[in-house]
Amino acid sequence: MSLIILCLQILPLVFANKTITDATTGIFHDDTSNEENLDEMKQDISYPTYIGCLFVFMTLLIGVIVRLGMLWIGMSIPYRVIMFSFGGIAGLCANKYPTFRPLVSVCYMDVDVILIIFLPILIFKTSYTVDAHSFWRSILQIFLVGVPGSLLTALIVAFMAFYLIETSWDFSVALLFGVVCSPIDPLDVVKQLNTMTKGKYISVLLLGEGLLGDVTVMIEFMAVFGYTAQALATSSHIVIYLLRYAGGGFLLGILNGTITGTILSGTYYDNVCAVTVTLAGAYLTFYIGEKFLYVSGFLGTVITGIMVSKKKSTIAGDVEMVVSHFWTIAAHAANTLLFTIVGVVIFDKGYDVISVRQISLIFVTYTTVYCARLMVYAAMTPLLRHVGYGMTWQQCMACVWGGLKGPLSLCLALMVLQTPAVSEAGEVFIIQTAGLVILSVLVNASTMRKVLKILGLAEISLAKKANMTNCVKRIMLTRDRYISMLKMDKFLADANWDLVQDGTTIKHPYQIQMSGRDEDSDEDAYMGYHYTTCPDCEREIPNEPTKKEFAEMVREANQRVLKALKISYWRQYEHGKISKDAVRVLVQAVEVAADADDGKINLEQLGTLWKPKRHAHWLRRKLVNMITPEAANAQVPRRKWRQHCYRIVTNVWFDGFIYIMILCNTPVILCEVVMRWPSKTAMYVIKALNLFFFIVYILEMVIKMCAYGFFGYFKSHWNKLDFFIIVMATGGNNEQNFRHLHPFDVASWLGYPVSPATDSLVTEHRVVIVS
């Protein structure tokens, strides 16, 4: 009621705004206004922002009401189809009644704004949902169906469009139509597959195909769209553009994914920071790639989401659930608004184009797309069987039927519609694409569970049935025992125990699957147990399980143990007993074991992660030898005079004295370097101090050699360094002294006679050198 009152209050404002705008722009409408005037009106009139906000929040509120009604009634019609129908009604009203147009004016926003607002949410939600371990194990399968499969599907649909939909199109436009129809959005199907035992691998393959296929489609679309719009003229331009567009997006995704994952690892218990980091990482990657670097922001966002999904094991479980719920809500809001906007645009701008032929061509497009998917999977089945998790023909059929079409196709069709060069084909694009998306959601998503049941992929294993039966029986026996005890209580004598019995009865969760069995079949036999009736006492005796049933029970038990191990690792991490890297490695080991046939963790391979490498052993030994004091490695000498030297060297005051000498020697060295023209007195003082320190270092070396021995002295790297410095200092002093010598001094030292005149000449020469 409040929503109706709000609409009644806002409509007069809308009409008044329109009258004012018409008066200011000089546009007057009458009953004879034609389509051109309507188009000009849509281009010229600008409406207040609050009207667009009103439409957005009214749509979200109507979506909530629709969802609650579906849950209450149990309606099987998909939610997105209902919102598309609501948008179609609003667009039809806008087409028939121009006064209603301002309320839906926000639907005609630029397609770039739609891409920036909605696509990062939908892309990141899908990539964040993917199990990183299963994704990388199935990467070859995903690549085969995501890249070559998308190309083949686009080509097949392009040939159909070229010969059937519009004969006036050239092949580039038809190929653009095939590319628009290629991407898939399997989230609705994945929700159903996750509840089934055999649906994990199919859901991983569909999600991976959705991500990699959407990236491939986006790159194809930009190349073909650029060629069609005459932005790319030659094949060399197209190749260079593709390399830059795809390669730059890949590098951008790795960079932003690493940064976002690292920051996310630091937000352990902070819900707000974790949600904000993922939101900023998704939008920044897409926006920087598309608007600043002109690379594939789509590919970058996909890689960022996968890398962040791998890092989500480093945050608390409650925080991770909050992040997942946030992206689920954001994706729900994006789908609600996007399908409503497309419904408005189609029934407003394409109302005159919709005909019986276009509606019939929608079914032709739908059939062609899924026949193309069937041909692609049939051609690639021999390869898909031998890579990743393998694949059977039943799983291939499930993947073909589960390839739903989604919002990306609608966004690309809107982009074609708003481009002047191909705007004529854009109306057919949006009608056919929207019909394909609605049919895939309405038919495939609604019948997916039945298709899986027909293919034998929805059956619950006998082990699960038996375990559930045991649990239900145990709970019911416990209930009966407690009710029997409570009946003996005199204060509860007047209680309605029949009502208690009915209110506490638990229905078997798999009871719904028993509806198709024969009435004579035994419930326990159906639920995983087989009984034989004794002919004498007529008692039912349980049979032993067959080898197949026993192997299946062992496999189910191993899976439950592995799940318990994973929960235990998370609890240990939350309590601070293991680190982030440890929980990541252990959880990854559990996931690998869950994919193995025996369901056991490889302890030998896991133990190698804790064994240090050879270079680590060598580095540790060297560091220990460098850090360990010399006294710990040396042996006490036997001779007394060496023992005195040993006591001196191992004394703390000896090391302190040496450190003081080094500190005092440092200013002397600095003065010698800084003073370019020292006086005689300063020069003699510096030389005297250097000689003093040199003698101290010599004495240190001699005492240590006496204490540790010659070879023991060189076991320490610091002693080796001291010895090298002393040798270099000794060589430097000898060289400096040799420079002040004269040949006549050498001759006199060798015993050769020198005349008095020559002696006076030598003295004068020394004075000149000194000066």
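Reader: Is Asp-185 buried or exposed?

Author: This is a predicted model. In it, Asp-185 is buried, because its relative accessible area is 13% and the cut-off for buried is under 20%.

Reader: Which side chain does Asp-185 meet in a salt bridge?

Author: The side chain of Arg-80. The N to O distance in that salt bridge is 3.0 Å.

Reader: Where do Arg-80 and Asp-185 sit in the chain?

Author: Arg-80 is in helix H4, residues 79-96. Asp-185 is in the loop between H9 and helix H10, which covers 187-193. The two are 105 residues apart, and the pair links distant parts of the chain.

Reader: And Arg-80, buried or exposed?

Author: Arg-80 is buried, with a relative accessible area of 6%.

Reader: Why can side chains pair like that in general?

Author: Side chains of opposite charge can pair when their charged atoms come close.

Reader: How many salt bridges does the structure hold?

Author: Eight salt bridges. One of them is between Asp-348 and Arg-101, where the side chains meet at 2.9 Å, N to O.

Reader: Which parts of the chain does that pair tie together?

Author: Asp-348 lies in helix H15, residues 317-349, and Arg-101 lies in the loop between H4 and helix H5 (111-129), so the pair ties together parts that are 247 residues apart in sequence.

Reader: Are those two buried or exposed?

Author: Asp-348 counts as buried at 4% relative accessibility. Arg-101 is buried too, with a relative accessible area of 3%.

Reader: What about Asp-480, which residue does it form a salt bridge with?

Author: Asp-480 forms a salt bridge with Arg-479, and their closest N and O atoms are 2.8 Å apart. Arg-479 is buried, with a relative accessible area of 15%, whereas Asp-480 is partly exposed at 30%.

Reader: What is the relative accessible area of Cys-371 and of Cys-671?

Author: For Cys-371 the relative accessible area is 38%, so this residue is partly exposed. For Cys-671 the value is 37%, so Cys-671 is partly exposed as well.

Reader: Now the surface. Which residues make the nonpolar patch?

Author: Leu-152, Leu-155, Phe-159, Tyr-163, Leu-164 and Phe-171 make a nonpolar surface patch of about 570 Å².

Reader: Which helix gives the largest share of the patch?

Author: Helix H8, residues 148-165, with five residues.

Reader: And where is Phe-171?

Author: Phe-171 is in helix H9, residues 171-180. Its relative accessibility is 31%, so Phe-171 counts as partly exposed.

Reader: Last one, Thr-304. Which helix is that in?

Author: Thr-304 is found in helix H14, residues 297-311. Thr-304 is buried, with a relative accessible area of 0%.

Reader: What lies 2.7 Å from a polar atom of its side chain?

Author: The backbone oxygen of Gly-300 lies 2.7 Å from a polar atom of the Thr-304 side chain.

Reader: Leaving aside neighbours within four places in sequence, which residues is Thr-304 in contact with?

Author: Leaving those aside, Thr-304 is in contact with Phe-124, Gly-253, Asn-256, Gly-257, Thr-260, Gly-281 and Thr-285.

Methods
Residues numbered from 1 in each chain as written. Predicted model: local features only at pLDDT ≥ 70, side-chain atom pairs only at ≥ 80, totals over all residues. Heavy atoms only, no water. Patch = residues over 30% accessible without salt bridge, like charges linked within 9 Å, V, L, I, M, F, W, Y side chains within 5 Å. Areas by Shrake-Rupley, 256 points an atom, 1.4 Å probe, with all protein chains shown as cover. Salt bridge = Lys/Arg side-chain N within 4 Å of Asp/Glu carboxyl O. Helix = DSSP H or I, 4+ residues; strand = E, 2+ residues; numbered from the N terminus. Buried < 20%, exposed > 50% of the residue type's maximum accessible area, 1.4 Å probe, protein only. Polar contact = N/O pair within 3.5 Å; in protein donor to acceptor, adjacent residues only side chain to side chain. Contact = heavy atoms within 4.5 Å.
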